[in-house]
Amino acid sequence: MTSPTLPGHPHVHYRNQTLYIEDQQLSDLAREHGTPLYVYSQAAMLQALQAYQRGFAGRKVQICYAMKANSSLGVLQFFAQHGCGFDIVSGGELQRVVAAGGDPSKVIFSGVGKTRAEMRQALEAGIGCFNVESEPELEVLSEVAQSMGLRAPVSIRVNPNVDAKTHPYISTGLKGNKFGIAHERTVATYQRAAQLPGLRVVGIDCHIGSQITDETPYLDAMDRMLDLVQAIEAAGIAIHHIDFGGGLGIDYNGDTPPEADALWAKLLARLDARGYGDRQLMIEPGRSLVGNAGVCLTEVLYVKPGEQKNFCIVDAAMNDLPRPAMYQAYHAIVPLQEPAADRVPQVYDVVGPICESGDWLGRDRSLAVAAGDLLAVLSAGAYCSSMGSTYNTRPRPAELLIDGTATHLIRARESVSDIFRSERLVPLPKKG
Ligand code: LLP
(Lines give C-alpha, C1' and ligand atoms only; values in the text may rest on other atoms or scores of the structure.)
Protein backbone atom coordinates (compact mmCIF):
# COMPACT_ATOMS: atom_id res chain seq x y z
CA MET A 1 0.00 0.00 0.00
CA THR A 2 1.48 3.35 -0.99
CA SER A 3 1.29 6.24 1.46
CA PRO A 4 -1.25 8.93 0.56
CA THR A 5 1.28 11.78 0.19
CA LEU A 6 4.62 11.09 -1.41
CA PRO A 7 7.78 11.97 0.53
CA GLY A 8 9.04 15.42 -0.36
CA HIS A 9 6.01 16.09 -2.58
CA PRO A 10 3.39 17.90 -0.52
CA HIS A 11 1.03 18.27 -3.46
CA VAL A 12 1.30 14.81 -5.02
CA HIS A 13 -0.88 12.17 -3.40
CA TYR A 14 -2.99 9.09 -3.96
CA ARG A 15 -6.78 9.38 -3.78
CA ASN A 16 -8.63 6.10 -4.26
CA GLN A 17 -5.43 4.40 -5.44
CA THR A 18 -5.00 7.05 -8.16
CA LEU A 19 -2.18 9.59 -8.23
CA TYR A 20 -3.08 13.29 -8.19
CA ILE A 21 -1.12 16.50 -8.38
CA GLU A 22 -3.12 19.15 -6.56
CA ASP A 23 -6.71 18.44 -7.75
CA GLN A 24 -5.77 16.90 -11.06
CA GLN A 25 -5.68 13.22 -11.82
CA LEU A 26 -2.32 12.60 -13.46
CA SER A 27 -3.54 9.80 -15.73
CA ASP A 28 -6.13 12.21 -17.24
CA LEU A 29 -3.33 14.66 -17.99
CA ALA A 30 -1.20 11.90 -19.56
CA ARG A 31 -4.11 10.81 -21.76
CA GLU A 32 -4.88 14.34 -22.86
CA HIS A 33 -1.32 15.59 -23.42
CA GLY A 34 0.58 12.37 -24.12
CA THR A 35 3.81 11.12 -22.55
CA PRO A 36 6.55 11.84 -21.64
CA LEU A 37 5.04 14.83 -19.87
CA TYR A 38 6.37 17.14 -17.18
CA VAL A 39 3.76 18.35 -14.69
CA TYR A 40 4.48 21.04 -12.10
CA SER A 41 2.46 22.10 -9.07
CA GLN A 42 2.24 25.84 -8.59
CA ALA A 43 1.15 25.33 -4.96
CA ALA A 44 4.34 23.36 -4.30
CA MET A 45 6.49 26.13 -5.82
CA LEU A 46 4.69 28.69 -3.70
CA GLN A 47 5.11 26.60 -0.56
CA ALA A 48 8.85 26.27 -1.22
CA LEU A 49 9.20 30.00 -1.88
CA GLN A 50 7.22 30.88 1.23
CA ALA A 51 9.60 28.84 3.39
CA TYR A 52 12.39 31.18 2.27
CA GLN A 53 10.20 34.26 2.65
CA ARG A 54 9.31 33.21 6.21
CA GLY A 55 12.96 32.62 6.99
CA PHE A 56 13.85 36.15 5.84
CA ALA A 57 10.84 37.99 7.30
CA GLY A 58 11.86 41.47 8.40
CA ARG A 59 15.22 41.33 6.57
CA LYS A 60 16.47 43.11 3.49
CA VAL A 61 16.70 40.26 1.03
CA GLN A 62 16.47 39.64 -2.69
CA ILE A 63 15.65 36.06 -3.61
CA CYS A 64 17.13 35.40 -7.04
CA TYR A 65 15.72 32.13 -8.42
CA ALA A 66 18.59 30.21 -10.06
CA MET A 67 16.73 29.63 -13.29
CA LYS A 68 19.08 26.99 -14.64
CA ALA A 69 17.06 24.59 -12.47
CA ASN A 70 13.99 25.11 -14.63
CA SER A 71 13.93 27.95 -17.10
CA SER A 72 10.55 27.41 -18.76
CA LEU A 73 8.88 30.78 -19.26
CA GLY A 74 5.75 29.86 -17.27
CA VAL A 75 7.89 28.92 -14.29
CA LEU A 76 9.90 32.16 -14.54
CA GLN A 77 6.68 34.16 -14.83
CA PHE A 78 5.45 32.61 -11.57
CA PHE A 79 8.61 33.57 -9.68
CA ALA A 80 8.67 37.06 -11.23
CA GLN A 81 5.07 37.63 -10.13
CA HIS A 82 6.04 36.61 -6.61
CA GLY A 83 8.77 39.23 -6.38
CA CYS A 84 11.80 37.11 -7.21
CA GLY A 85 14.82 38.21 -9.12
CA PHE A 86 16.87 35.72 -11.13
CA ASP A 87 20.34 34.24 -11.07
CA ILE A 88 21.35 33.80 -14.69
CA VAL A 89 24.37 32.23 -16.38
CA SER A 90 23.97 33.23 -20.02
CA GLY A 91 22.61 35.88 -22.34
CA GLY A 92 19.96 33.36 -23.35
CA GLU A 93 18.73 33.13 -19.78
CA LEU A 94 18.53 36.94 -19.63
CA GLN A 95 16.34 36.93 -22.73
CA ARG A 96 14.09 34.39 -21.03
CA VAL A 97 13.76 36.62 -17.94
CA VAL A 98 12.69 39.53 -20.11
CA ALA A 99 10.28 37.37 -22.13
CA ALA A 100 8.69 36.13 -18.90
CA GLY A 101 8.15 39.66 -17.56
CA GLY A 102 11.00 39.55 -15.02
CA ASP A 103 12.74 42.71 -13.82
CA PRO A 104 16.31 42.94 -15.18
CA SER A 105 17.34 45.16 -12.28
CA LYS A 106 16.79 42.12 -10.03
CA VAL A 107 19.06 39.91 -12.14
CA ILE A 108 22.47 38.72 -11.07
CA PHE A 109 24.75 37.22 -13.69
CA SER A 110 26.94 34.30 -12.54
CA GLY A 111 29.25 31.99 -14.47
CA VAL A 112 32.95 31.63 -15.26
CA GLY A 113 32.77 32.30 -18.99
CA LYS A 114 30.75 35.41 -19.78
CA THR A 115 31.44 36.68 -23.29
CA ARG A 116 31.86 40.35 -24.21
CA ALA A 117 28.57 40.17 -26.11
CA GLU A 118 26.77 38.82 -23.05
CA MET A 119 28.31 41.55 -20.89
CA ARG A 120 27.07 44.21 -23.31
CA GLN A 121 23.61 42.66 -23.45
CA ALA A 122 23.39 42.57 -19.63
CA LEU A 123 24.65 46.16 -19.28
CA GLU A 124 22.11 47.37 -21.84
CA ALA A 125 19.34 45.57 -19.94
CA GLY A 126 20.50 47.20 -16.67
CA ILE A 127 21.00 44.05 -14.60
CA GLY A 128 21.54 44.36 -10.84
CA CYS A 129 24.95 42.75 -10.51
CA PHE A 130 27.66 40.75 -12.25
CA ASN A 131 29.04 37.97 -10.08
CA VAL A 132 32.59 37.97 -11.38
CA GLU A 133 34.54 34.74 -11.17
CA SER A 134 38.12 35.62 -12.19
CA GLU A 135 40.59 38.49 -12.37
CA PRO A 136 40.74 38.49 -16.19
CA GLU A 137 36.94 38.68 -16.27
CA LEU A 138 37.10 41.84 -14.12
CA GLU A 139 39.41 43.50 -16.63
CA VAL A 140 37.25 42.58 -19.61
CA LEU A 141 34.02 43.66 -17.91
CA SER A 142 35.55 47.00 -17.00
CA GLU A 143 36.66 47.52 -20.60
CA VAL A 144 33.23 46.62 -22.03
CA ALA A 145 31.36 48.85 -19.56
CA GLN A 146 33.73 51.75 -20.16
CA SER A 147 33.26 51.46 -23.91
CA MET A 148 29.53 51.94 -23.28
CA GLY A 149 30.10 54.87 -20.91
CA LEU A 150 28.88 52.78 -17.96
CA ARG A 151 30.15 51.30 -14.73
CA ALA A 152 29.21 47.68 -14.22
CA PRO A 153 27.91 46.74 -10.75
CA VAL A 154 30.05 43.83 -9.54
CA SER A 155 30.37 41.40 -6.75
CA ILE A 156 33.21 38.90 -6.65
CA ARG A 157 32.42 35.25 -6.24
CA VAL A 158 34.75 33.92 -3.60
CA ASN A 159 35.58 30.32 -3.16
CA PRO A 160 35.33 29.69 0.58
CA ASN A 161 37.01 26.27 0.31
CA VAL A 162 34.34 24.39 2.22
CA ASP A 163 33.22 20.89 1.36
CA ALA A 164 29.50 20.82 0.57
CA LYS A 165 29.62 17.00 0.87
CA THR A 166 27.66 16.44 -2.30
CA HIS A 167 28.29 14.76 -5.67
CA PRO A 168 31.70 15.89 -7.07
CA TYR A 169 30.07 17.29 -10.24
CA ILE A 170 27.82 19.59 -8.22
CA SER A 171 30.27 20.63 -5.52
CA THR A 172 31.64 24.04 -6.38
CA GLY A 173 33.20 25.65 -3.31
CA LEU A 174 36.43 23.65 -3.05
CA LYS A 175 39.90 24.82 -4.09
CA GLY A 176 40.07 22.41 -6.99
CA ASN A 177 36.87 23.77 -8.61
CA LYS A 178 36.85 26.15 -11.57
CA PHE A 179 34.56 28.57 -9.73
CA GLY A 180 35.25 31.79 -7.89
CA ILE A 181 38.35 33.55 -6.61
CA ALA A 182 40.53 31.81 -4.04
CA HIS A 183 39.94 32.95 -0.50
CA GLU A 184 43.54 34.23 -0.19
CA ARG A 185 43.29 36.34 -3.37
CA THR A 186 40.04 38.01 -2.39
CA VAL A 187 41.20 41.29 -0.84
CA ALA A 188 43.77 41.90 -3.59
CA THR A 189 41.11 41.21 -6.24
CA TYR A 190 38.69 43.65 -4.60
CA GLN A 191 41.45 46.27 -4.54
CA ARG A 192 41.98 45.77 -8.27
CA ALA A 193 38.22 45.93 -8.93
CA ALA A 194 37.94 49.18 -6.98
CA GLN A 195 40.61 50.75 -9.22
CA LEU A 196 39.08 49.74 -12.53
CA PRO A 197 37.23 52.64 -14.17
CA GLY A 198 34.37 50.57 -15.64
CA LEU A 199 33.38 48.87 -12.38
CA ARG A 200 31.39 49.71 -9.28
CA VAL A 201 31.88 47.25 -6.40
CA VAL A 202 28.52 46.46 -4.81
CA GLY A 203 28.78 43.07 -3.11
CA ILE A 204 30.34 39.72 -2.45
CA ASP A 205 29.04 36.29 -3.25
CA CYS A 206 29.65 32.58 -2.94
CA HIS A 207 27.99 29.32 -3.94
CA ILE A 208 29.39 26.13 -2.49
CA GLY A 209 27.49 23.41 -4.28
CA SER A 210 24.13 21.85 -4.91
CA GLN A 211 21.88 19.25 -3.24
CA ILE A 212 23.38 20.16 0.14
CA THR A 213 21.55 18.31 2.90
CA ASP A 214 23.54 19.47 5.92
CA GLU A 215 23.63 22.92 7.51
CA THR A 216 27.31 22.79 8.54
CA PRO A 217 28.84 23.75 5.17
CA TYR A 218 26.54 26.80 5.04
CA LEU A 219 27.54 27.92 8.52
CA ASP A 220 31.22 27.44 7.68
CA ALA A 221 30.88 29.33 4.40
CA MET A 222 29.07 32.18 6.17
CA ASP A 223 31.87 32.53 8.69
CA ARG A 224 34.47 32.65 5.96
CA MET A 225 32.46 35.15 3.94
CA LEU A 226 32.05 37.46 6.92
CA ASP A 227 35.78 37.27 7.65
CA LEU A 228 36.32 38.44 4.09
CA VAL A 229 33.75 41.24 4.29
CA GLN A 230 35.57 42.48 7.37
CA ALA A 231 38.94 42.37 5.61
CA ILE A 232 37.66 44.04 2.42
CA GLU A 233 35.95 46.82 4.32
CA ALA A 234 39.08 47.31 6.44
CA ALA A 235 40.84 47.95 3.12
CA GLY A 236 38.36 50.79 2.49
CA ILE A 237 35.98 49.09 0.03
CA ALA A 238 32.30 49.08 1.01
CA ILE A 239 30.32 45.87 0.54
CA HIS A 240 26.63 46.69 0.09
CA HIS A 241 25.22 43.23 -0.28
CA ILE A 242 26.18 39.69 0.70
CA ASP A 243 25.02 36.87 -1.57
CA PHE A 244 25.10 33.36 -0.07
CA GLY A 245 24.30 31.46 -3.27
CA GLY A 246 21.90 28.53 -3.49
CA GLY A 247 22.39 24.82 -3.07
CA LEU A 248 19.82 23.66 -0.53
CA GLY A 249 18.92 20.05 -1.26
CA ILE A 250 15.57 18.27 -1.56
CA ASP A 251 14.26 14.86 -0.55
CA TYR A 252 14.89 12.49 -3.47
CA ASN A 253 15.19 9.27 -1.52
CA GLY A 254 14.75 9.79 2.18
CA ASP A 255 17.18 12.76 2.18
CA THR A 256 16.60 15.10 5.11
CA PRO A 257 17.79 18.58 4.16
CA PRO A 258 16.87 21.34 6.60
CA GLU A 259 13.76 23.38 5.75
CA ALA A 260 14.69 26.73 4.21
CA ASP A 261 13.18 28.71 7.10
CA ALA A 262 14.93 26.63 9.78
CA LEU A 263 18.26 26.83 7.95
CA TRP A 264 17.99 30.58 7.57
CA ALA A 265 16.96 31.08 11.19
CA LYS A 266 20.32 29.57 12.14
CA LEU A 267 22.30 31.43 9.51
CA LEU A 268 20.69 34.76 10.36
CA ALA A 269 21.37 34.21 14.07
CA ARG A 270 25.04 33.76 13.15
CA LEU A 271 24.90 36.87 10.95
CA ASP A 272 23.36 38.89 13.79
CA ALA A 273 25.90 37.60 16.29
CA ARG A 274 28.66 38.89 14.05
CA GLY A 275 26.98 42.26 13.58
CA TYR A 276 26.00 41.94 9.90
CA GLY A 277 22.27 41.29 10.38
CA ASP A 278 21.10 44.54 8.79
CA ARG A 279 22.96 44.07 5.50
CA GLN A 280 21.23 43.68 2.16
CA LEU A 281 21.22 39.93 1.55
CA MET A 282 20.84 37.85 -1.59
CA ILE A 283 20.34 34.17 -2.18
CA GLU A 284 20.24 32.08 -5.36
CA PRO A 285 18.14 28.97 -4.72
CA GLY A 286 17.20 26.76 -7.67
CA ARG A 287 16.45 23.11 -6.96
CA SER A 288 14.79 23.71 -3.57
CA LEU A 289 12.17 25.98 -5.20
CA VAL A 290 11.10 23.67 -8.02
CA GLY A 291 12.61 20.18 -7.67
CA ASN A 292 9.83 18.51 -5.75
CA ALA A 293 7.12 20.56 -7.44
CA GLY A 294 7.42 18.46 -10.59
CA VAL A 295 6.92 14.94 -11.89
CA CYS A 296 7.56 13.39 -15.29
CA LEU A 297 4.89 11.02 -16.55
CA THR A 298 5.86 8.11 -18.75
CA GLU A 299 4.20 5.06 -20.26
CA VAL A 300 5.52 1.52 -19.97
CA LEU A 301 6.20 0.32 -23.52
CA TYR A 302 7.53 -3.17 -22.85
CA VAL A 303 8.32 -5.40 -19.94
CA LYS A 304 11.38 -7.44 -20.87
CA PRO A 305 12.43 -10.27 -18.58
CA GLY A 306 16.13 -11.16 -18.70
CA GLU A 307 18.49 -13.72 -17.26
CA GLN A 308 20.23 -11.26 -14.96
CA LYS A 309 17.85 -8.33 -14.97
CA ASN A 310 14.30 -7.50 -15.84
CA PHE A 311 13.80 -4.32 -17.79
CA CYS A 312 10.84 -2.01 -17.68
CA ILE A 313 11.16 -0.03 -20.91
CA VAL A 314 9.38 3.32 -20.79
CA ASP A 315 8.87 6.17 -23.25
CA ALA A 316 10.89 8.73 -21.24
CA ALA A 317 14.65 8.57 -21.52
CA MET A 318 17.95 10.14 -20.53
CA ASN A 319 17.28 13.03 -22.88
CA ASP A 320 14.23 13.95 -20.75
CA LEU A 321 15.64 12.92 -17.34
CA PRO A 322 19.43 13.21 -17.59
CA ARG A 323 20.28 13.13 -13.86
CA PRO A 324 20.51 9.34 -13.38
CA ALA A 325 22.85 8.98 -16.38
CA MET A 326 24.95 12.01 -15.41
CA TYR A 327 25.18 11.72 -11.63
CA GLN A 328 23.83 8.24 -10.86
CA ALA A 329 21.02 10.22 -9.26
CA TYR A 330 18.02 8.55 -7.68
CA HIS A 331 14.50 9.58 -8.69
CA ALA A 332 11.59 7.70 -7.13
CA ILE A 333 9.29 6.02 -9.69
CA VAL A 334 5.68 5.29 -8.76
CA PRO A 335 2.58 4.04 -10.62
CA LEU A 336 -0.25 6.44 -11.49
CA GLN A 337 -2.70 3.70 -10.54
CA GLU A 338 -1.85 1.55 -7.56
CA PRO A 339 -1.74 -2.03 -8.86
CA ALA A 340 -4.38 -4.64 -8.03
CA ALA A 341 -3.41 -6.77 -5.04
CA ASP A 342 -2.98 -9.91 -7.19
CA ARG A 343 -0.24 -8.37 -9.36
CA VAL A 344 3.11 -9.58 -8.07
CA PRO A 345 5.86 -6.95 -8.04
CA GLN A 346 9.17 -7.75 -9.70
CA VAL A 347 12.52 -6.02 -9.59
CA TYR A 348 13.24 -3.99 -12.73
CA ASP A 349 15.72 -1.58 -14.16
CA VAL A 350 13.55 1.19 -15.57
CA VAL A 351 15.14 2.25 -18.85
CA GLY A 352 14.39 4.47 -21.83
CA PRO A 353 14.47 3.77 -25.57
CA ILE A 354 17.81 5.52 -26.24
CA CYS A 355 20.61 3.42 -27.69
CA GLU A 356 22.99 3.68 -24.73
CA SER A 357 23.41 1.48 -21.69
CA GLY A 358 23.58 4.70 -19.66
CA ASP A 359 19.95 5.37 -20.54
CA TRP A 360 18.37 4.31 -17.28
CA LEU A 361 15.97 6.14 -15.00
CA GLY A 362 15.95 3.80 -12.01
CA ARG A 363 17.78 0.63 -11.02
CA ASP A 364 16.48 -2.36 -9.09
CA ARG A 365 13.00 -0.97 -8.55
CA SER A 366 10.22 -3.16 -7.28
CA LEU A 367 7.21 -2.55 -9.50
CA ALA A 368 4.07 -4.44 -10.47
CA VAL A 369 3.86 -3.21 -14.05
CA ALA A 370 2.58 -4.22 -17.45
CA ALA A 371 2.86 -2.62 -20.88
CA GLY A 372 0.53 0.37 -21.15
CA ASP A 373 0.78 1.31 -17.47
CA LEU A 374 1.64 4.88 -16.59
CA LEU A 375 4.39 5.82 -14.15
CA ALA A 376 5.51 9.06 -12.52
CA VAL A 377 9.20 9.85 -12.10
CA LEU A 378 9.32 12.08 -9.04
CA SER A 379 11.46 15.11 -8.16
CA ALA A 380 11.52 16.08 -11.83
CA GLY A 381 10.94 19.82 -11.43
CA ALA A 382 14.64 20.76 -11.31
CA TYR A 383 17.45 20.01 -13.77
CA CYS A 384 15.30 17.74 -15.94
CA SER A 385 13.50 19.78 -18.58
CA SER A 386 16.23 22.45 -18.43
CA MET A 387 18.99 19.89 -19.01
CA GLY A 388 16.98 17.95 -21.57
CA SER A 389 18.12 17.39 -25.13
CA THR A 390 16.75 16.01 -28.34
CA TYR A 391 19.27 13.16 -28.56
CA ASN A 392 18.05 10.38 -30.86
CA THR A 393 15.80 13.05 -32.45
CA ARG A 394 13.36 12.76 -29.60
CA PRO A 395 11.19 15.89 -29.38
CA ARG A 396 11.05 17.62 -26.00
CA PRO A 397 8.00 16.76 -23.89
CA ALA A 398 5.14 19.15 -23.16
CA GLU A 399 5.09 20.91 -19.77
CA LEU A 400 2.02 21.67 -17.67
CA LEU A 401 1.73 24.04 -14.73
CA ILE A 402 -1.12 23.05 -12.42
CA ASP A 403 -2.94 25.54 -10.23
CA GLY A 404 -5.64 23.67 -8.30
CA THR A 405 -8.10 22.50 -10.95
CA ALA A 406 -6.62 24.78 -13.65
CA THR A 407 -4.09 23.36 -16.10
CA HIS A 408 -1.76 25.65 -18.05
CA LEU A 409 0.16 24.27 -20.99
CA ILE A 410 3.44 26.18 -20.54
CA ARG A 411 5.31 24.31 -23.28
CA ALA A 412 3.71 22.55 -26.22
CA ARG A 413 5.23 19.21 -27.18
CA GLU A 414 8.01 19.83 -29.68
CA SER A 415 7.66 18.40 -33.17
CA VAL A 416 10.37 16.65 -35.14
CA SER A 417 10.34 19.47 -37.68
CA ASP A 418 10.98 21.91 -34.79
CA ILE A 419 14.12 19.92 -34.06
CA PHE A 420 15.64 20.21 -37.51
CA ARG A 421 14.15 23.58 -38.52
CA SER A 422 17.54 25.33 -38.59
CA GLU A 423 19.35 22.53 -40.39
CA ARG A 424 20.16 22.76 -44.11
CA LEU A 425 20.96 20.24 -46.81
CA VAL A 426 24.12 20.80 -48.82
CA PRO A 427 23.23 22.03 -52.35
CA LEU A 428 23.59 19.22 -54.88
CA PRO A 429 26.06 19.83 -57.73
CA LYS A 430 24.29 21.07 -60.87
CA LYS A 431 23.89 18.40 -63.50
CA GLY A 432 25.45 18.79 -66.96
N1 LLP B 1 24.02 29.82 -7.96
C2 LLP B 1 25.04 29.35 -8.70
C3 LLP B 1 26.17 30.23 -8.96
C4 LLP B 1 25.01 28.03 -9.18
O5 LLP B 1 26.04 27.58 -9.88
C6 LLP B 1 23.89 27.20 -8.90
C7 LLP B 1 23.83 25.83 -9.40
C8 LLP B 1 22.84 27.74 -8.13
C9 LLP B 1 22.93 29.04 -7.68
C10 LLP B 1 21.61 26.95 -7.79
O11 LLP B 1 21.89 25.82 -7.04
P12 LLP B 1 20.69 24.93 -6.46
O13 LLP B 1 19.96 25.77 -5.44
O14 LLP B 1 19.81 24.56 -7.59
O15 LLP B 1 21.36 23.78 -5.86
N16 LLP B 1 22.58 19.76 -12.75
C17 LLP B 1 22.91 19.43 -11.37
C18 LLP B 1 22.96 20.68 -10.50
C19 LLP B 1 23.93 21.72 -10.98
C20 LLP B 1 23.95 22.94 -10.13
C21 LLP B 1 24.80 24.01 -10.74
N22 LLP B 1 24.78 25.26 -10.05
C23 LLP B 1 21.90 18.42 -10.85
O24 LLP B 1 21.02 18.05 -11.57
O25 LLP B 1 22.02 17.97 -9.72
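Tutor: Let us begin with the domains: taken over C-alpha atoms, the centres of domain 1 and domain 2 are separated by 35 Å. The domain assignment gives domain 1 as 2-41 + 291-419 and domain 2 as 110-285, and such bounds come from an automatic or database domain assignment. Please keep in mind that this is a predicted model, in which local features need pLDDT of at least 70 and side-chain atom pairs count only at pLDDT 80 or more, while totals for chains, interfaces and linings use all residues. Residues are numbered from 1 along each chain as its sequence is written, and side-chain values use heavy atoms, with hydrogens and water left out.

Student: How many residues of domain 1 are in contact with domain 2?

Tutor: There are 13 residues of domain 1 in contact with eight residues of domain 2, where contact means heavy atoms within 4.5 Å.

Student: OK, on to the ligand. Which residues come nearest to the ligand?

Tutor: Around the ligand there are 18 residues, and those that come nearest are Ser210, Glu284, Arg323, Tyr327 and Tyr383; a residue is near a molecule or strand if one of its heavy atoms lies within 4 Å of it.

Student: And which domains does that shell draw on?

Tutor: The shell draws at least three residues from each of domain 1 and domain 2. By class, it has six nonpolar, six polar and six charged residues, with Ala, Val, Leu, Ile, Met, Phe, Trp, Tyr, Cys and Pro counted as nonpolar, Asp, Glu, Lys and Arg as charged, and the others, Gly among them, as polar.

Student: What about side-chain N or O atoms, how far are they from an oxygen atom of the ligand?

Tutor: For Arg323, an N or O atom of the side chain is 2.6 Å from an oxygen atom of the ligand. The side chain of Tyr383 likewise has an N or O atom 2.6 Å from a ligand oxygen, and for Lys68 that distance is 3.5 Å. On its own the ligand has 590 Å² of accessible area, and the protein covers 92% of that; accessible areas come from the Shrake-Rupley method with a 1.4 Å probe, and for residues only the protein chains shown count as cover.

Student: Is Tyr383 buried or exposed?

Tutor: Tyr383 counts as buried because its relative accessibility is 13%, where buried means under 20% relative accessible area, exposed over 50% and partly exposed in between, with a 1.4 Å probe and protein chains only. Tyr383 sits in the loop between β20 (374-377) and β21 (398-403), and although it is not a glycine, it has a positive phi of about 55°. In these labels, helices (H or I, at least four residues) and strands (E, at least two) are DSSP runs, numbered from the N terminus.

Student: Where is Gln17, and what is its phi?

Tutor: Gln17 lies in the loop between β2 (9-15) and β3 (18-21), and its phi is near 65°, a positive value in a residue other than glycine. Gln17 is partly exposed, because its relative accessible area is 38%.

Student: New topic: which residues does the cis peptide bond join?

Tutor: The cis peptide bond joins Thr35 and Pro36, with omega about -10°. Pro36 is in the loop between α1 (26-33) and β5 (37-41).

Student: What does Leu375 have to do with Thr35?

Tutor: Leu375 and Thr35 are 340 residues apart along the chain, yet their C-alpha atoms are separated by 10.0 Å. Leu375 belongs to strand β20 and is buried, because its relative accessible area is 0%. Leaving aside neighbours within four places in sequence, its contacts include Cys296, Val314, Ile333 and Val369.

Student: And what does Ala398 touch?

Tutor: Not counting residues up to four places away in sequence, Ala398 touches Pro36, Leu37, Tyr38, Leu409, Arg411, Ala412 and Arg413. Ala398 is in strand β21 and counts as buried, because its relative accessibility is 3%.

Student: Last one: where is Gln42, and why does it count as buried?

Tutor: Gln42 lies in helix α2 (residues 42-55), and it counts as buried because its relative accessibility is 19%. Among the residues that Gln42 touches, not counting those up to four places away in sequence, are Glu22, Phe78 and Leu401.

Technical notes: Polar contact = N/O pair within 3.5 Å; in protein donor to acceptor, adjacent residues only side chain to side chain.
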